[in-house]
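Please take me through this model in the viewer, one selection at a time, and tell me what is to be found at each stop.

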Amino acid sequence: MLERRPREDRTEVTFVLPPDTPPGPVSVVGDFNDWQPGIHTLAPRKDGNRAVTVALPAASTHSFRYLAAGDYWFNDEHAETQDGLNSRLHT
């Protein structure tokens with residue numbers, strides 16, 4: 001799930017996944033972090049889900065995917081569109 005909070009010059013996007021689906025550590029990787037795993041690792045929050053928030057420029061479009069343990073790549077089913085293998089989000 002993607003949560004968005006518009007700010008004056010950016011949009012804070014929170015990437016949210018269930019507690020153990022998939023199991024183990026998961027990071028969100030995309031063009032906003034040069035596709036580097038581990039920079040934006042999802043952490044548990046009070047509601048039990050895992051999440052990480054990334055500040056992105058307002059009125060921009062980004063490609064991203066999730067990377068879980070065991071080199072398991074997957075998309076966000078709540079993303080607006082898909083771009084080939086990647087999920088796309090619009091801020």
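In the loop between which two strands does D34 lie? Select D34 in this predicted model, and you will find that residue in the loop between β3 and β4, the latter covering residues 43-44. With D34 still selected, check the backbone torsions: phi of D34 is near 55°, a positive value in a residue other than glycine. Most residues other than glycine have a negative phi. The side of accessibility is also clear, since D34 is exposed, with a relative accessible area of 62%.

Next, select D71, which is placed in the loop between β6 and β7, where β7 spans 72-74. D71 has a positive phi of about 60° although it is not a glycine, and D71 is exposed, its relative accessible area being 59%.

R65 is buried yet has no salt bridge, and D71, the nearest side chain of opposite charge, is 8.9 Å away. What the side chain of R65 does make is a polar contact with the side chain of N75, at 3.0 Å. If you then show the surroundings, leaving aside neighbours within four places in sequence, R65 is in contact with residues including W35, W73, F74 and N75, as well as S27, V28 and V29.

Finally, move to P22, in the loop between β2 (10-17) and β3 (26-30), and display the backbone there: the peptide bond from T21 to P22 is cis, with omega near -5°. Most peptide bonds are trans.

Conventions: Residues are numbered from 1 along each chain as its sequence is written. This is a predicted model: local features need pLDDT of at least 70, side-chain atom pairs count only at pLDDT 80 or more; totals for chains, interfaces and linings use all residues. Side-chain values use heavy atoms; hydrogens and water are left out. Buried means under 20% relative accessible area, exposed over 50%, partly exposed in between (1.4 Å probe, protein chains only). Lys and Arg count as positive and Asp and Glu as negative; His and the chain ends are not counted. A salt bridge is a side-chain nitrogen of Lys or Arg within 4 Å of a carboxyl oxygen of Asp or Glu. A polar contact is a pair of N or O atoms within 3.5 Å; within protein, one must be able to donate a hydrogen and the other to accept it, and residues adjacent in sequence count only if both atoms are side-chain atoms. Contact means heavy atoms within 4.5 Å. Helices (H or I, at least four residues) and strands (E, at least two) are DSSP runs, numbered from the N terminus.
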